[in-house]
Amino acid sequence: MKQLQRWRLERQERLRKVKTKDYSYSVPNVKPDLEFLHHNKNEPALTWVGHSSFLIQLAGKNIMTDPVWAGQMAFQRRLTPPGIPIDDVPPVDLILISHSHYDHLHIQSLRRLQGRKQLLVPAGLRSKLRLKGFTNVRELHWWESVVINGIRITFVPSQHWTRRNLWDTNSSHWGGWILEPVEKESSDPTIYFAGDSGYFPGFKEIGRRFQIDIALMPIGAYDPEWFMGDQHVTPEEALQAFEDTGAEWFVPMHYGAFKLADDTPREALDRLERDRVKRGIDEKKVMVLPHGETWRCPKRSENNKREQE
């Protein structure tokens, strides 16, 4: 609360600085390959809808992360259209929710998506969703797993918080999700969807417990850092978290769809690129996707397959 009061007191100076920033850059949108998305049952693939919303195709299943097609967030209009129109999304088998903040849990989007729609949510959130009419909901605590159609899905910690109204602060949990093939012989990659998080030692612990191939990491909503730092990583901290997990590929998210803080999409990407160069990370390992683009994921690395045996 003291930090929020400080942020408000410094609002005029903050607004003066924000006015000097260039908000002209928008994350590009490309036409989604709907033919592929509706018929793909064999190739692991990621399609970025925007913000923290991905369509993950793995083991023949369609999996959505934090599906949000909202046209605005609070008083801020969406900066760019979703990468896939919601009515064009193939039937969804599984939805993963990282936490209850409105930019990650949008009830109307959940309702409009078609398909079986098994929801996996943090502990404490199931009862709220049942009150909204969702019955196919399972909640997990940190480090708990469930196996669905050959995919082991584990809820892992993050450093964040939750609230949807004045009375439910931290009444449910928050975190990220690990998707990994159950069969050791599978060539499907292990995917880490980090949700929202500040930088914390848990990234190293997640990397110790799992052999991660692809990390979907947030890079936006970090400015001012003194206020946002505990809950949102900077681009540099996101790369440090990526290295902590030992993942092979980095896919940035949580930028470019909504203006949630004072940073801009261009700033986030520029800082990410400068720090990538500084750390000597191969540029091919950082997959900066436009909205709507489908990345046909590399197969699981031989090192990861061997280490799991």
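Trainee: In E2, which residue is the bridge partner of threonine 47?

Mentor: This is a predicted model. E1 (residues 45-50) and E2 (residues 53-58) pair in the antiparallel sense, over five bridges. In E2, threonine 47 is bridged to leucine 55.

Trainee: And which residue is the bridge partner of threonine 47 in E15?

Mentor: E15 covers residues 294-296. E1 and E15 run antiparallel and are joined by three bridges. On the E15 side, the partner of threonine 47 is threonine 294.

Trainee: Which residue takes a positive phi in the hairpin of E1 and E2?

Mentor: Look between the strands: the hairpin has two residues there. The phi in question is near 55 degrees. The residue is histidine 51.

Trainee: How many residues of strand E1 are buried?

Mentor: Buried means under 20% relative accessible area. E1 is largely enclosed by the rest of the structure, because its buried residues number six of six.

Trainee: Is H8 parallel or oblique to H9?

Mentor: Take the axes of H8 (residues 235-245) and H9 (residues 265-279). They come within 8 Å and cross at roughly 45 degrees. That angle makes H8, relative to H9, oblique.

Trainee: Is the crossing of H8 and H9 left-handed or right-handed?

Mentor: The angle between the axes is roughly 45 degrees. The sense in which H8 passes H9 is right-handed.

Trainee: How many charged residues has the contact of H8 with H9?

Mentor: H8 brings residues including Glu236 and Glu243. H9 brings Arg271, Asp275, Arg276 and Arg279, among others. Beside four nonpolar residues and one polar, the charged count is six.

Key:
Residues are numbered from 1 along each chain as its sequence is written. This is a predicted model: local features need pLDDT of at least 70, side-chain atom pairs count only at pLDDT 80 or more; totals for chains, interfaces and linings use all residues. Side-chain values use heavy atoms; hydrogens and water are left out. Axes are lines fitted to C-alpha atoms, for helices over the stretch in contact, and angles run from 0 to 180 degrees between N-to-C directions. Helices (H or I, at least four residues) and strands (E, at least two) are DSSP runs, numbered from the N terminus. Angles under 35 degrees count as roughly parallel, over 145 as roughly antiparallel, 65 to 115 as roughly perpendicular and the rest as oblique. A crossing is left-handed if the near helix is turned anticlockwise from the far one by less than a right angle, and right-handed if clockwise. Contact means heavy atoms within 4.5 Å. Ala, Val, Leu, Ile, Met, Phe, Trp, Tyr, Cys and Pro count as nonpolar, Asp, Glu, Lys and Arg as charged, and the others, Gly among them, as polar. Buried means under 20% relative accessible area, exposed over 50%, partly exposed in between (1.4 Å probe, protein chains only). Two strands pair if DSSP finds at least two bridges between them.
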